Structure formats: structure tokens, C-alpha cells
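Here is a short report on helix packing and aromatic contacts. Please keep the model open while reading.

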Amino acid sequence: MRDLRIIRIAYKETILGNSDVEYKHKKQSGGHGQYGHVKMRFEPLGDTNTAYEFDQVVVGGSVPKNYFPAVEKGIIDAVSAGPLAAYPVVGIKATLYDGSYHPVDSSENAFKIASKGCFKKGVMEANPVLLEPIASMKVVVDNDYTGDVMGDLNKRRGRVMGMNALDNEKTEIEAEIPYAELYGYGTTLRSMTAGSGEYSYEFVRYEQAPHDVQEAEVAARAKQLEGEDEE
């Protein structure tokens with residue numbers, strides 16, 4: 001297997017807590033203005049395979065029914081790039097429960113903007129975390145190198161799940177490892193095993209990234225996005 005030259009990690013964002021926030025989009029610039037006001041609750045959905053679930057429990061017409069689709073469109077826009085590090089958001093339930101409107105200035109676009117702003121604010125107040133992809137990996141090495149290989153996997157935040165003797169000379173090591181730690185692995189493995197080691201991997205699931213990994217990635221992502229804005 002060729003080593004990875006550049007590795008782009010498909011992180012995702014989710015929340016661990018609940019929040020109750022409101023957001024008002026109000027703009028006046030000659031003629032009709034823009035007015036959209038929403039109050040929403042956000043909570044973990046319990047399913048990170050789903051981006052979001054939208055519900056509304058509005059009573060009394062504080063937000064007219066014809067604006068409900070616009071509110072959901074705002075959420076659809078927001079989940080594509082989360083407020084933590086601009087990665088896709090998953091596993092969030094959003095409930096619209098109140099708000100207000102203006103008979104002249106309210107519009108679908110105004111409520112869409114308000115919903116998007118409310119979502120970003122709500123996520124940041126609900127203990128947002130970064131999720132990282134985890135790979136299931138198999139490494140086949142000569143028996144003489146198993147100790148070195150396992151030590152390197154531990155340094156890479158890998159978890160050894162088991163070992164299988166293939167014959168009298170080789171061992172298969174089964175492990176789980178974050179995708180972020182696979183960078184340069186092929187080169188390291190060849191170096192440790194005098195070129196005899198082989199490995200393969202496949203995606204298994206997402207897990208919450210450790211705090212230090214999240215902090216480093218959020219900072220790096222902010223710098224990357226700032227550079228893109230300046231171009």
C-alpha cells in the first residue's frame with residue numbers, strides 16, 4: 001500500500017449538551033426591510049449518522065406556518081459547515097418553539113437567515129465537540145518486529161485489539177487508530193521492519209476527538225480558513 005502524501009481528515013461536529021437560544025435578523029435599508037425572529041432548542045439527537053432532526057412546537061402563530069420550511073432551510077445551510085471548525089454537523093435535534101414576525105418585513109429569506117444564526121449560536125452554547133474518523137487496521141510483520149510496531153501504534157493513539165499468529169515467523173496485529181495518525185505510517189512501518197511490514201485499513205466509525213486534538217485542529221482550521229479568505 002502506498003503511503004499517504006497528504007491526508008485530509010473528514011472531521012465532523014456535534015454537541016454533547018443542550019441549549020435554548022434566540023436570534024433576530026432585522027435589517028432596514030429603504031423600502032421593505034428584513035425581519036425574522038426565532039427561538040429554538042438544541043439537543044443531541046443520539047444518532048451521528050443523521051445530520052439533524054427538525055421539529056416545531058410553535059403555538060399562537062408567533063411564527064406563521066408558511067415560514068417553517070424557511071427555518072428548516074436555514075438549518076440545512078448551517079449543518080454543512082459548523083461553527084466550531086467549519087466541518088459538517090451531525091446528530092443534532094433542533095426544535096422551533098417561538099419567535100415573532102413582521103407583517104410587511106418578514107420573508108422566507110429573513111427567517112432562513114435567522115434560523116442559520118440561531119443554529120450557530122445554539123451549537124456553540126451546547127458543548128460542541130469534534131468527531132474524528134477511526135480506522136480498523138491490520139498490520140502483518142515478522143515476529144521480531146511486533147514489539148516495535150505495537151509501541152509505535154500506541155504513540156499514534158492506536159488501540160491494539162488482538163494478535164494472530166499467521167505462521168512461525170509472522171504475526172497479524174489488529175488495531176483501531178484515528179485516521180489523523182495514519183499520516184506517514186507506511187514509511188515508518190517499512191523503516192521499523194526492514195521493508196517487510198504490510199498493512200491495510202478501513203473506516204469503522206466516528207469518535208469524539210481528545211481535547212488536545214480538538215484544540216489543535218480548531219486552531220489549524222481557523223488559520224486555514226483565514227488564508228482562504230485572504231486569497
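## Helices H1 and H2

This is a predicted model. Helix H1 covers residues 68-79 and helix H2 covers residues 108-124. Their axes come within 7 Å and cross at roughly 45°. That angle makes H1 oblique to H2. The crossing of H1 past H2 is right-handed.

On the H1 side, the contact uses Ala 70, Val 71, Lys 73, Gly 74, Ile 75, Asp 77, Ala 78 and Val 79. H2 meets them with Glu 108, Phe 111, Lys 112, Ser 115, Lys 116 and Phe 119. By class, the residues of this H1–H2 contact are seven nonpolar, two polar and five charged.

## Helices H3 and H4

Helix H3 (residues 146-155) packs on helix H4 (residues 185-192) at an angle of about 155°. The axes are 10 Å apart. H3 is therefore roughly antiparallel to H4, since the angle is over 145 degrees. H3 passes H4 in a right-handed crossing.

H3 contributes Asp 148, Val 149, Asp 152 and Leu 153. H4 answers with Tyr 185, Thr 188, Leu 189 and Met 192. Five residues of the H3–H4 contact are nonpolar, one is polar and two are charged.

## Aromatic rings

The whole structure holds seven aromatic pairs. Tyr 185, part of the H4 contact with H3, also belongs to an aromatic cluster with Tyr 179, Tyr 199 and Tyr 201.

Two arginines sit over tyrosine rings. The charged end of Arg 41 lies over Tyr 97, 4.4 Å from the ring centre. Arg 221 lies over the face of Tyr 87, at 4.2 Å from the ring centre.

How values were computed:
Residues are numbered from 1 along each chain as its sequence is written. This is a predicted model: local features need pLDDT of at least 70, side-chain atom pairs count only at pLDDT 80 or more; totals for chains, interfaces and linings use all residues. Side-chain values use heavy atoms; hydrogens and water are left out. Axes are lines fitted to C-alpha atoms, for helices over the stretch in contact, and angles run from 0 to 180 degrees between N-to-C directions. Helices (H or I, at least four residues) and strands (E, at least two) are DSSP runs, numbered from the N terminus. Angles under 35 degrees count as roughly parallel, over 145 as roughly antiparallel, 65 to 115 as roughly perpendicular and the rest as oblique. A crossing is left-handed if the near helix is turned anticlockwise from the far one by less than a right angle, and right-handed if clockwise. Contact means heavy atoms within 4.5 Å. Ala, Val, Leu, Ile, Met, Phe, Trp, Tyr, Cys and Pro count as nonpolar, Asp, Glu, Lys and Arg as charged, and the others, Gly among them, as polar. Rings of Phe, Tyr and Trp (its six-membered ring) pair if their centres lie within 6.5 Å; planes under 30 degrees apart count as stacked, over 60 as edge-to-face and the rest as tilted. A charge sits over a ring if NZ of Lys or CZ of Arg is within 6 Å of the ring centre and within 35 degrees of the ring normal.
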